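Please open the structure in a viewer and keep the selection tool at hand.

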Amino acid sequence: MPLRVKVCTVAEIRDGELVGFAVPGVTWPVMVTRLDDEILATSSVCPHEDVSLLGGLYESGVVTCPGHAYELDLRTGRCLHDARLQLRRYKVTLVGDDVWIDLL
Ligand code: FES
């Protein structure tokens, strides 16, 4: 049974923008966006070092970290510069207009 928490509503998500939402029990805000009608939710902390990705350049599903400019694909969580680095992704479930993620 997954540990599922509500993150936001669909109306709070912006196409082409990364929005951070505080979630109880999660240290860094959960980062949410919509890409090609799919809602993507990931951690907002860079897997390289503890830098927030919310201030990074974002385009077409790829965020560029403001720390050292590594690019991270939000669809896969993969770092395009270092295959060992993986951005945490969350499984998203829509319940009406509410966006929920599985923490575990
Ligand atoms: S802290 Fe993000 S690339 Fe180094």
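The side chains of which two residues meet in a salt bridge at 2.6 Å, N to O? Select Asp102 and Arg4 in this predicted model: their side chains form that salt bridge, with 2.6 Å from N to O. The two residues belong to distant parts of the chain, 98 residues apart, with Asp102 in strand 9 (residues 98–102) and Arg4 in strand 1 (residues 4–9). Asp102 counts as buried because its relative accessibility is 10%, and the cut-off for buried is under 20%. Arg4, in turn, is partly exposed, at a relative accessible area of 33%.

**The strands around the pair**

Next, display strand 1 together with strand 9. These strands pair in the antiparallel sense, over five bridges.

**Strand 8 and Thr93**

Select Thr93, which is placed in strand 8 (residues 89–95). Is Thr93 buried or exposed? Its relative accessible area is 17%, and Thr93 is therefore buried, the cut-off being under 20%. Leaving aside neighbours within four places in sequence, Thr93 is in contact with Arg4, Asp98, Val99 and Trp100. Arg4 in this list is also the salt-bridge partner of Asp102.

**Strand 4 and its partners**

Move to strand 4 (residues 38–43), where five of the six residues are buried, so that the strand is mostly covered. Strand 4 pairs with strand 8 in the antiparallel sense over two bridges, and Ala41 stands opposite Tyr90 in strand 8. Strand 4 also pairs with strand 3 in the antiparallel sense, over six bridges. For this second pairing, select Leu35, which stands opposite Glu38 in strand 4. The hairpin of strand 3 and strand 4 has two residues between the strands, and Asp36 there takes a positive phi near 50°.

**Further salt bridges**

How many salt bridges does the structure hold? There are five, and two others may be selected now.

- Asp15 and Arg34: this salt bridge has its closest N and O atoms 2.7 Å apart. Asp15 lies in the loop between strand 1 and strand 2 (19–21), whereas Arg34 lies in strand 3 (residues 30–35), and the two are 19 residues apart. Asp15 is exposed, with a relative accessible area of 53%.
- Arg75 and Asp73: the closest N and O atoms of this salt bridge are 3.1 Å apart. Arg75 counts as partly exposed at 36% relative accessibility, while Asp73 is buried, with a relative accessible area of 13%.

**Cysteines**

Finally, select Cys8 and Cys65. Cys8 counts as buried at 2% relative accessibility, and Cys65 is buried as well, with a relative accessible area of 4%. A disulfide is a covalent bond between the sulfur atoms of two cysteines. With a pair of cysteine sulfur atoms within 2.5 Å as the rule, the count of disulfides comes to zero.

Key: Residues are numbered from 1 along each chain as its sequence is written. This is a predicted model: local features need pLDDT of at least 70, side-chain atom pairs count only at pLDDT 80 or more; totals for chains, interfaces and linings use all residues. Side-chain values use heavy atoms; hydrogens and water are left out. A salt bridge is a side-chain nitrogen of Lys or Arg within 4 Å of a carboxyl oxygen of Asp or Glu. Helices (H or I, at least four residues) and strands (E, at least two) are DSSP runs, numbered from the N terminus. Buried means under 20% relative accessible area, exposed over 50%, partly exposed in between (1.4 Å probe, protein chains only). Contact means heavy atoms within 4.5 Å. Two strands pair if DSSP finds at least two bridges between them.
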